[in-house]
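Have the sequence and the 3D view side by side.

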Amino acid sequence: MSEATQDTKKLLRVERLPAINSQLGKIIKNYLMKSKFMSSLPWKKTAWVTAGFPVELCYLFDIFPMHPENAACVAGTAKVSLKLIEYAESLGFSRDLCSYFKTNIGAVGKKVGIAQGAIGKPKFLASTNTICDTHVKWFQTQAREFKVPYFCFDIPVAVAGTDDARMEEYIDYVVDQFNEFIEFAGKITGKKFDENKFNTILQKSAKLSDLWQEIYEYRKLLPTPVSFQDTMAAIFPLVILPGLDIGISFYEALLKDIKERVAKNTGSLTKEQEKYRVLFEGIPMWYKIKFFHELANYGAIITYEPYTFSFGPKKKIGLPIDKQLRELARLIIDTPYNYAVEKRIKYFEKVIDDYKLDGIILHSNLSCRPSCTGMVDLKNAIQKDKGIPVWLMDCDMDDPRAYADEPMKNRMESFIELMASNKK
Ligand code: SF4
């Protein structure tokens, strides 16, 4: 029997970091309960925000942020997203639309509980359009449903050929919108912009990112002490809690676990078990996390994800306020998902070297088309320049109708065989 046809029923155990098991559940539960409580208090200001929105601005004004994309992941892992998506489709939302969006439409319409993807009604909604135009249509739709205001940041895309002068103009444009948001949030909350408080929040946010980057540095080791099974869960504080202490202490606990693993010369799999180091690009299939355990059963471990890495960029802090806002604007524009394809290819190829990768999985996500643009070019360039297998995997993050077990298993086996023959 070849390596690629071994019995996947006897799954290898990918050891999660102990702090994830002991701390993360409590952090998420506490956040969800608080979210329910906050949205029930008429005087408490709550907002729905999206990925790519600077959540720190909410904490500055004591606005409690709620994250419908995260709630849609909860529905996916609870395996209830399909019934919510089908409900949204029964209202006329198309099969082609983002499954997070439809999960949220279903969660609101069917009034499910928080363990099934619901979040409380917000006092307003705020998003950017960075990477994603769905954010805008989604939040317009729900702002109309709730009859509450919606604030949208318009973020320019730094396409190929964007020079420094043009970038500075883009930053001016985004900073103007920060000032508009500060005025908007001030009116809603009755609070003034507090520079000292803002700096403290940004310091904590930067610290959280630094710890995330340190965690990633350890992933360069063989065997990797941190798998996607860890990062897909541990990303939660970076998405929702940047600027608070709770994420910092959790990441410090993760680093302690990682260092202990490294000292024992082992990893998420053991040195003997880890055969192939793989990059996974995109959002995981929340309803089928088993996929990653099945990969691990062939000795393939996900060692890098641009998606989770992108939530914790290096942040410059301690600048005068005008420069600090410019820096925040630069970060929102300069995200890997906004890169022109040439820059994206360079980014991937550097990661392949740094993390000693044997293969790449590009999740060509039916739902998240904006983040999949350029994947065919990316695949061709990596195969040509680096000579490693690239699996362009058609699927969906929250819609299980896009996932068929047997075809997926066949493709996984082919991918493993390609990596195996490439290593000979
Ligand atoms: S299209 Fe992608 S980025 Fe946009 S809301 Fe859906 S999952 Fe998020």
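Asn265 sits in the loop that links helix 11 (245–263) to strand 5 (276–281). The model is predicted. Phi of Asn265 is near 60°, a positive value, and the residue is not a glycine. Most residues other than glycine have a negative phi, and most peptide bonds are trans. Asn265 has 11 other C-beta atoms within 10 Å, so it counts as exposed.

Look for Asp62 in the loop between helix 2 (56–60) and strand 2 (64–66). Is Asp62 buried or exposed? Asp62 is exposed, because it has 12 C-beta neighbours inside 10 Å and the cut-off for exposed is 12 or fewer.

Another backbone feature is a peptide bond. Leu222 and Pro223 are joined by a cis peptide bond, with omega about -5°. Pro223 belongs to the loop between helix 8 (195–218) and helix 9 (228–234).

Now return to helix 11 and find its partner. The axes of helix 1 (residues 18–40) and helix 11 come within 9 Å and cross at roughly 165°. Helix 1 is therefore roughly antiparallel to helix 11. Their crossing is left-handed. On the helix 1 side, the contact uses Pro18, Ala19, Gln23, Leu24 and Ile27. On the helix 11 side are Ile246, Phe250, Ala253, Leu254 and Asp257. By class, this contact has 8 nonpolar, 1 polar and 1 charged residues.

Next comes helix 5. Of its 11 residues, 10 are buried, so helix 5 is largely enclosed by the rest of the structure. The buried residues include Lys102, Thr103 and Asn104, along with Ile105 and Val108. What covers the buried residues of helix 5 includes helix 3 (68–77), helix 4 (81–90) and helix 6. Just after helix 5, Lys111 takes a positive phi of about 55°.

Which helices each supply at least two residues of the shell around the ligand? They are helix 5 (99–109), helix 6 (134–146) and helix 16 (369–372). Tyr100 and Phe101 are among the residues around the ligand, and both are buried in helix 5. Other residues around the ligand include Glu69, Cys98, Ile131, Cys132, Thr134 and His135. Ser367, Cys368, Pro370 and Ser371 are also around the ligand. By class, the shell has 7 nonpolar, 4 polar and 1 charged residues.

Note on methods
Residues are numbered from 1 along each chain as its sequence is written. This is a predicted model: local features need pLDDT of at least 70, side-chain atom pairs count only at pLDDT 80 or more; totals for chains, interfaces and linings use all residues. A residue is near a molecule or strand if its C-beta atom, placed from the backbone, lies within 6 Å of it. Helices (H or I, at least four residues) and strands (E, at least two) are DSSP runs, numbered from the N terminus. Ala, Val, Leu, Ile, Met, Phe, Trp, Tyr, Cys and Pro count as nonpolar, Asp, Glu, Lys and Arg as charged, and the others, Gly among them, as polar. A residue is buried if 20 or more other C-beta atoms lie within 10 Å of its own, exposed if 12 or fewer, and partly exposed in between; C-beta atoms are placed from the backbone. Two residues are in contact if their C-beta atoms, placed from the backbone, lie within 7 Å. Axes are lines fitted to C-alpha atoms, for helices over the stretch in contact, and angles run from 0 to 180 degrees between N-to-C directions. Angles under 35 degrees count as roughly parallel, over 145 as roughly antiparallel, 65 to 115 as roughly perpendicular and the rest as oblique. A crossing is left-handed if the near helix is turned anticlockwise from the far one by less than a right angle, and right-handed if clockwise.
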